[in-house]
Amino acid sequence: MAAELRSLERCLERHVPLAELREVKRILYGSSARELNLPAAAVSAGREKDFELQGYGFEAAVEQLRTPHIVRVGLIQNKIPLPTDSPVAEQVAALHKRIEEIVEVAAICGVNVVCFQEAWTMPFAFCTREKLPWTEFAESAEEGQTTKFCQKLAKKHNMVVVSPILERDDVHGGTLWNTAVVISNSGSVLGKTRKNHIPRVGDFNESTYYMEGNRGHPVFQTQFGRIAVNICFGRHHPLNWLMYSINGAEIIFNPSATIGELSESMWPIEARNAAIANHCFTCAINRVGTEHYMNAFTSGDGRKAHHDLGYFYGSSYVAAPDGSRTPGLSRTQDGLLVAEMDLNLCRQVSDKWNFKMTGRYEMYAEELAKAIQPDFTPNIIRE
Ligand SMILES: NC(=O)NCCC(=O)O
């Protein structure tokens, strides 16, 4: 998949006549998110450190009995700074350094909750099916060096940090998991959540390393709002989003690693649809660039052995419960997307559309309970 197209929005801005651009954007993106006036120091730091910085705000109506519930989230997308055959410790250190400099800018922008991309401390090497050195990137969610690093960031910047890592759970036999650690702005580990759906598509050979998550759909009550983390492949599963929402999530992060050839046309739809269907905000984050591996690999699909998984197209964005969304970050560059949201919008949209009230959960629950039985017969009526 070609990397040349920097972003869909830039392409539209360049080619759609100005007189029609507003209407085109309204149809594509809904009511337009207002551009945030970000501090000059942040803008120049972004330029100096070579990452894109964008900021948008979503509005809600003023209410009489509730004050606005404003929160700023930061989404970070990035390339891996070092080649995949560099020493493991050096790769982790380089990623920590890169993220630290972007988080510094997020702090200047007043971000309250920041989320990194899926398995952010490593290349997305699961395509190779090799165990070493990739399993060496796994760390304890509670005690690992990355969690300690994030705790420092959280405390320093009074910021909740969502840190998706490859977890090694030594309490349960050293098993591996695809996990997001949620660190409170106090610096303490609030908890962790695990990827519920493991892909078995193309070169996404993750099932070689870890199993489906076993922690359900936890929602984390933070000082800034109730957040949940639906890791990558979970975004294809509407019921996965639903369960976080049922548990009260106001913002659902979707840290991902996905490639153009496979999913780029689905990307703008899935997290956005989840925001609409569940009356909440969703934050889709994807990594950037192509990651090369020394040893060629295949995935039993007839393709010649190859050295990379494909092109990670970035394009991170935030969607609101009213169906509007921010433009995406670029397809080609590291970036920080800052989104300011009034969480009151969740209930306002819920009161308008009533999906929670019109959803027939009791009927679905009953029918699903039957559908998973071995003696299930589908309800098909024939002539
Ligand atoms: N990381 C991951 O689960 N990727 C699978 C591909 C996709 O969901 O687009």
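Predicted model: local features only at pLDDT ≥ 70, side-chain atom pairs only at ≥ 80, totals over all residues.
A salt bridge here is a side-chain nitrogen of Lys or Arg within 4 Å of a carboxyl oxygen of Asp or Glu.

Select Arg226 and Glu250 to begin. They form a salt bridge, with 3.8 Å between the closest N and O atoms. Arg226 belongs to strand 9 (residues 225–229), while Glu250 sits in the loop between helix 6 (238–246) and strand 10 (251–256), so the bridge ties parts 24 residues apart in sequence. Arg226 is partly exposed at 31% relative accessibility; Glu250, at 13%, counts as buried.

Next, select Glu340 and Arg72. Their side chains meet in a salt bridge at 2.9 Å, N to O. Glu340 is in strand 15 (residues 335–342) and Arg72 in strand 3, 268 residues apart. Both Glu340 and Arg72 are buried.

Then go to Glu63 and Arg347, a salt bridge with its closest N and O atoms 3.7 Å apart. Glu63 lies in the loop between strand 2 (52–57) and strand 3 (70–77), and Arg347 in helix 9 (residues 344–353), so parts 284 residues apart in sequence are tied together. Glu63 is partly exposed at 21% relative accessibility, and Arg347 is partly exposed at 43%.

For a network of salt bridges, select Glu142, Glu167, Asp169, Lys192 and Arg194.

Finish with helix 4 (residues 88–108) and helix 5 (residues 145–157), whose axes come within 11 Å and cross at roughly 15 degrees. Helix 4 is therefore roughly parallel to helix 5. The crossing is right-handed. Contact residues include Val92 and His96 in helix 4, and Phe149 and Leu153 in helix 5. The residues of this contact comprise five nonpolar, four polar and three charged.

How values were computed
Residues numbered from 1 in each chain as written. Heavy atoms only, no water. Axes fitted to C-alpha atoms, helices over the stretch in contact; angles between N-to-C directions. Helix = DSSP H or I, 4+ residues; strand = E, 2+ residues; numbered from the N terminus. Parallel < 35°, antiparallel > 145°, perpendicular 65-115°, else oblique. Left-handed = near helix turned anticlockwise from the far one by under 90°. Contact = heavy atoms within 4.5 Å. Nonpolar A, V, L, I, M, F, W, Y, C, P; charged D, E, K, R; others polar. Buried < 20%, exposed > 50% of the residue type's maximum accessible area, 1.4 Å probe, protein only.
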